[in-house]
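Good morning, and thank you for making time for this presentation. Please look at the sequence and the structure as they come up.

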2 protein chains.
Amino acid sequence: MKGDKNLMYSIGEVSKLTGISTYTLRYYEKMGLLPNPYRMDGKQNGIRQYNDQDLRFIQFIYGLKQTGMKLKDIALFVEDGCLLTQNNQEIDGIQDVLHKRIELLNKHVNLLEQQLEQLENVMTLANEKRSFYSVMLNEQTSKPVKTF
Amino acid sequence: MKGDKNLMYSIGEVSKLTGISTYTLRYYEKMGLLPNPYRMDGKQNGIRQYNDQDLRFIQFIYGLKQTGMKLKDIALFVEDGCLLTQNNQEIDGIQDVLHKRIELLNKHVNLLEQQLEQLENVMTLANEKRSFYSVMLNEQTSKPVKTF
DNA sequence: CCTTGACTTAGAGCTTACTCTAACAAATAT
DNA sequence: ATATTTGTTAGAGTAAGCTCTAAGTCAAGG
């Protein structure tokens with residue numbers, strides 16, 4: 001009844017599913033990259049419980065990080081929290097928040113495009129170099145090339 | 001007469017042309033990422049002189065670095081130096097060197113392919129998120145969505 | 001019962017990759 | 001003449017992003 005599909009994950013499970021260590025997950029939480037998760041109530045030591053939506057969000061955030069977004073920018077992205085509060089009240093200044101988030105995503109998408117371009121360049125160069133070496137390997141008549 | 005096209009660059013010029021600081025260029029040289037460049041002889045303080053081939057090599061190496069190859073792996077790639085010595089003598093065990101370099105390039109190209117894939121994933125997710133926010137911005141009737 | 005995994009705060013330590021300073025020398029450009 | 005750029009060695013400092021330990025508590029599962 002609490003999570004969708006009744007699937008709730010502990011921090012250890014999230015760690016296994018995402019490949020992010022529990023240290024790092026708590027660190028990200030403390031740094032404001034991840035929202036404070038729901039906690040088990042009562043005596044149960046306040047254990048973090050993540051649902052599927054949380055998991056997808058963590059993976060999204062991790063993707064941003066892996067592709068070069070700075071932790072500080074991710075924290076900016078996340079800082080205003082959920083777009084609607086518990087009671088389905090809009091947060092204050094939602095327009096500004098949306099603008100800010102769109103801007104951060106724009107900035108990152110630009111970075112991604114540059115990275116794609118560079119990746120393709122480097123790929124080409126690396127392949128050329130590789131071919132060159134392969135040719136050298138197979139050639140009997142080694143011509144005098146002074147090169148790397 | 002010394003360099004091709006008579007173009008020789010000082011470390012400062014290389015820095016400007018590549019966007020790598022002189023500190024970093026010397027650091028890379030010390031770490032074995034860059035071969036020891038030709039030096040001006042005689043009284044002239046042994047100033048480093050790079051030619052076009054050197055410049056291209058530096059850019060190639062920098063591309064590897066920028067796309068995630070570890071400095072240590074780059075150093076491995078570079079460590080056996082030029083493929084033919086000054087006197088056009090083959091270096092010892094050139095086959096092994098070629099194999100090693102091809103292997104390092106293979107490894108890196110694999111990494112590049114993974115990166116390309118992830119970049120595209122993240123691009124898609126970021127674009128979706130951006131669209132979602134844009135829709136929220138333009139919608140008058142804000143539906144109760146509790147989400148990031 | 002005992003291991004495992006969860007929690008906390010605080011803080012130390014680590015890796016990678018620079019980045020810069022010191023302190024001195026020598027050559028070039030204005 | 002002076003500022004800039006280059007050179008050297010050696011070493012300190014910085015930043016990001018973890019990674020782990022300590023030292024204590026709590027609760028579930030075999």
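This is a predicted model: local features need pLDDT of at least 70, side-chain atom pairs count only at pLDDT 80 or more; totals for chains, interfaces and linings use all residues.

Residues are numbered from 1 along each chain as its sequence is written, chains are lettered from A and ligands numbered from 1 in the order in which they are written, and side-chain values use heavy atoms, with hydrogens and water left out.

Let me begin with chain A. Its secondary structure comes to 5 helices and 2 strands; here helices (H or I, at least four residues) and strands (E, at least two) are DSSP runs, numbered from the N terminus. Read from the N terminus, the order of the elements is α-α-β-β-α-α-α. Of the 148 residues in chain A, 39% are buried, where buried means under 20% relative accessible area, exposed over 50%, and partly exposed in between, with a 1.4 Å probe and protein chains only. The accessible surface of the chain is about 9000 Å², and carbon and sulfur atoms account for 50% of that surface. These areas come from the Shrake-Rupley method with a 1.4 Å probe, and for residues only the protein chains shown count as cover. Among the contacts in chain A with a separation of 6 or more, 53% are between residues 24 or more positions apart; a contact means heavy atoms within 4.5 Å.

I turn now to helix 4 of chain A. Its buried residues are Asp73(A), Ile74(A), Ala75(A), Phe77(A) and Val78(A). Which elements cover them? The cover includes helix 3 (52-66) and helix 5 of chain A, together with helix 5 of chain B.

Leaving aside residues up to four places away in sequence, Asp73(A) touches Leu104(A) and Lys107(A).

That brings us to the salt bridges. A salt bridge here is a side-chain nitrogen of Lys or Arg within 4 Å of a carboxyl oxygen of Asp or Glu, and the whole structure holds 10 of them over all chains. One is between Lys107(A) and Asp73(A), whose closest N and O atoms are 2.7 Å apart. This pair links distant parts of the chain, with Lys107(A) in helix 5 and Asp73(A) in helix 4 of chain A, 34 residues apart.

In chain B, Lys107(B) forms a salt bridge with Asp73(B), the closest N and O atoms being 2.8 Å apart. Here Lys107(B) belongs to helix 5 and Asp73(B) to helix 4 (residues 71-78) of chain B, again 34 residues apart. Asp73(B) counts as buried, at 17% relative accessibility.

Another salt bridge joins Asp80(B) and Lys100(B), with closest N and O atoms 2.7 Å apart. Asp80(B) lies in the loop between helix 4 and helix 5 of chain B and Lys100(B) in helix 5, so the pair ties together parts that are 20 residues apart in sequence. Asp80(B) counts as partly exposed at 30% relative accessibility, and Lys100(B) counts as partly exposed at 25%.

Next, two further residues of chain B. Not counting residues up to four places away in sequence, His108(B) touches Val122(A), Leu64(B), Thr67(B), Gly68(B) and Met69(B). His108(B) and Gly68(B) are 40 residues apart in sequence, with 8.3 Å from C-alpha to C-alpha.

Ala75(B) lies in helix 4 of chain B and counts as buried at 17% relative accessibility. Its contacts, again not counting residues up to four places away in sequence, are with Met31(B), Gly32(B) and Leu33(B).

Finally, the charged patch. Glu113(A), Glu117(A), Glu120(A), Glu113(B), Glu117(B) and Glu120(B) form a negative surface patch. Patches are made of residues with over 30% relative accessible area and no salt bridge, like charges being joined within 9 Å. Helix 5 (94-138) of chain A and helix 5 (94-138) of chain B each supply at least two residues of the patch. Glu117(B), in helix 5 of chain B, is exposed, with a relative accessible area of 56%.

How values were computed. Patches are made of residues with over 30% relative accessible area and no salt bridge: like charges are joined within 9 Å, nonpolar side chains (Val, Leu, Ile, Met, Phe, Trp, Tyr) within 5 Å. Lys and Arg count as positive and Asp and Glu as negative; His and the chain ends are not counted. The place of a charge is taken as NZ of Lys, CZ of Arg, CG of Asp or CD of Glu.
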